[in-house]
Amino acid sequence: MLELQNICFERDNKKILDNINLKIDSNQFIAITGPNGSGKSTMAKIIMGIEKPDSGKILFKGQDITDLKIEERAELGISFAFQQPVKFKGITVYDLLKLASKKNITKKEACEILSKVGLCAKEYVDREVNNSLSGGELKRIEIATVAVRKTKLTIFDEPEAGIDLWSFSNLTEIFENMRDLIKGTTIVISHQERILEIADKVILMKSGEVDKVTTSEDFLQNHIETNKKCCKIKK
Amino acid sequence: MEENKINETDKKLLNEITNYDEIPQGAYNIRKNGQGIERRTTENVNIITKKDKPGISIYVKENTKFEFIHIPVIITESGLNDLVYNDFYIGKNANVIIVAGCGIHNDHHKNSQHDGIHRFYLEEGAKVKYVEKHYGEGKGDGQRILNPVTEVYLKEGSSMEMESAQIKGVDSTIRETKGELAANTNFVVTEKIMTNGTQIAKTIFDVKLNGENASTHVTSRSVATEDSKQEFTSKIYGNSKCFAHSECDAIIKDNARVIATPEITANNVDANLIHEAAIGKIAGDQIIKLKTLGLSEEEAENEIINGFLR
């Protein structure tokens, strides 16, 4: 359903994405992981259209979307949850959910979505999406705005970034239920083992390239063994 | 006496500044083209025409609970310069909601102007919510000018909340708001302004916190687009143990200009005064976020501005 062909992206003479080729099937839960600076977030932004690749093609459900605008891709069925959720003065959580769903959802429907992302709906639905909300609360609202769209493809850019571990452990439960909530393909950029555990596939990126595409069992097994070796060497 | 009747244009103007269709609740006074044309008083609220100058005096009896007072002004005559003095005397422990505002419809080339000078005298323990909307419309090249002056005198234990909005069609405005606060009083002001074309809007706040535990919160949210210009000046004097927070938040677009001048003066060691000012264009990430939800650039901007000015 999503295919990246020969995607290259360079900034300040640095290759951030170096000839990425990747195919992602329908209804999969994909985790993308890798060291900082390996190009994960850039790849996610290129899929949404927030960044434009220097060369290469992006196909979504067979259609070439390389030159489509962000909003056109959104209309075709791609959603994107920001690493740092955007704040808006004067726009309430309910307003944002209405805009996201593209229809006049009732407060009750908005509250149902909020409950699914672990927020006590009544307390939040009329609050402004501004500085008064904590990082964890904003993350959950961000997830709600993409979940309510129920698109064929949903991308989460490091949902764990900027929130404490305690809040994140609650957040992983939401991802565990994400399949039922969204009913499409989910791509999550993450370093968290719990996210990698629940993925159908794990894509490991290194220095702007796809290093490995593997199952979560294989990835975690390898990862543990590599860590053991490291420990032995240290000893 | 056609002039003194309310026609369809008047109704539309009245609905822009106050919900006219629902007015008949409480006391009211409607002024059109410099003359009072409809009035109702109640057991607790009396409205008297001033003899020495144009305008009215409004008297609210002490202990009045939750009454509405509507005093809209409309101007449909091009070239009219309407100056009016309205004084509000709010009795002890009274609690009222006052809705004022001015709508100008100018289809011609002469300037139409309304300068409303509103003075509020609140006795001990009184509470007022004051809502003021300004609106202009019409095809003519005559300017629509509004220069409201609001003076607020709060006696011990009283409080006033003032909301003012000027969203559309006013070419030039100078808005002055002054407050003198005694002990244990609270004055909250929320101002929303949007300008476009070559419009000019100036606001000046001048609040003196004289009594112990007086507090004020002044918030201005504005959007300046095209070639319009806005100036925001806030002067707050802390003359006792008091608290003040003034906030100016502006979005600029195109060639617009916004000047924010904060001035806070502490004349007492226990005065706690804060001023915040931020001016900038719409944040790029806000537009991108809304685009990822399927909105076009223009739709995204409109949503952000509408939310900001809500």
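The model is predicted, and the predictor assigns the complex an ipTM of 0.92 together with a pTM of 0.83. Chain A contains an open sheet of six strands with mixed pairing, whereas chain B contains an open sheet of ten strands, also with mixed pairing. The contact between the chains draws on 19 residues from chain A and 17 residues from chain B.

**Confidence in chain B**

- Chain B has a mean pLDDT of 91, and 97% of its residues reach 70 or more.
- Among the elements of chain B, the lowest mean pLDDT, 80, belongs to helix α1 (residues 8–17), while strand β11 (residues 149–154) has the highest, at 97.

**Contact between chains A and B**

- Of the residues in this contact, 19 come from chain A and 17 from chain B; on the side of chain A that touches chain B, α2 (70–76), β6 (78–81) and α3 (93–101) of chain A each supply at least two residues.
- The element that gives the most to this side of chain A is α2(A), with four residues.
- Sorted by class, the side of chain A that touches chain B holds eleven nonpolar, three polar and five charged residues.

**The six-stranded sheet of chain A**

- The strands of this open sheet follow the order β6-β7-β8-β3-β9-β10 (chain A), and its edge strands, β6 and β10 (209–214) of chain A, each pair on one side only.
- Neighbouring strands of this sheet are turned against each other by 20° on average, direction ignored.
- Within the sheet, strand β3 (residues 29–33) of chain A pairs with strand β9 (residues 201–206) of chain A in the parallel sense over four bridges, and A:Ile32 stands opposite A:Ile203 in β9(A).
- Helix α6(A) packs on this sheet, where it touches β6 and β7 (153–157) of chain A, and the direction of α6(A) makes about 180° with that of β6(A).

**Helix packing in chain A**

- The axes of α3(A) and helix α6 (residues 135–147) of chain A come within 8 Å and cross at roughly 30°, so α3(A) counts as roughly parallel to α6(A).
- This crossing of α3(A) and α6(A) is right-handed, and the contact is made by A:Val93, A:Leu96, A:Leu97 and A:Ala100 of α3(A) together with A:Ile141, A:Ala144 and A:Thr145 of α6(A).
- By class, the contact of α3(A) with α6(A) has six nonpolar residues, one polar residue and no charged residues.

**The ten-stranded sheet of chain B**

- The strand order of this open sheet is β2-β1-β5-β7-β9-β12-β14-β16-β18-β20 (chain B).
- Strands β2 (35–40) and β20 (271–280) of chain B stand at the edges with a single partner strand each, so one side of each is left without a neighbour in the sheet.
- Neighbouring strands of this sheet are turned by 5° against each other on average, direction ignored.
- Strand β9 (residues 127–137) of chain B and strand β12 (residues 159–168) of chain B are paired in the parallel sense over nine bridges, and B:Lys127 has B:Ser159 of β12(B) as its bridge partner.
- Helix α1(B) lies across β1 (27–32), β5 (65–75), β7 (95–105) and β9 of chain B, and runs at about 130° to β7(B).

**A hairpin in chain B**

- Strand β3 (residues 45–49) of chain B and strand β4 (residues 55–60) of chain B run antiparallel and are joined by five bridges, with B:Ile48 standing opposite B:Ser57 in β4(B).
- The hairpin that joins β3(B) to β4(B) passes through five residues.

**Helix packing in chain B**

- Helix α2 (residues 284–292) of chain B packs with helix α3 (residues 297–308) of chain B at an angle of about 115°, their axes being 9 Å apart, and the crossing of α2(B) and α3(B) is right-handed.
- From α2(B), the residues B:Gln286, B:Ile287, B:Leu290 and B:Lys291 meet B:Glu297, B:Ala300, B:Glu301, B:Glu303 and B:Ile304 in α3(B).
- The residues of this contact of α2(B) with α3(B) divide into four nonpolar, one polar and four charged.

Key. Residues numbered from 1 in each chain as written. Chains lettered and ligands numbered in written order. Predicted model: local features only at pLDDT ≥ 70, side-chain atom pairs only at ≥ 80, totals over all residues. pLDDT = per-residue confidence, 0-100. Contact = placed C-beta atoms within 7 Å. Nonpolar A, V, L, I, M, F, W, Y, C, P; charged D, E, K, R; others polar. Axes fitted to C-alpha atoms, helices over the stretch in contact; angles between N-to-C directions. Left-handed = near helix turned anticlockwise from the far one by under 90°. Pairing = 2+ DSSP bridges. Parallel < 35°, antiparallel > 145°, perpendicular 65-115°, else oblique.
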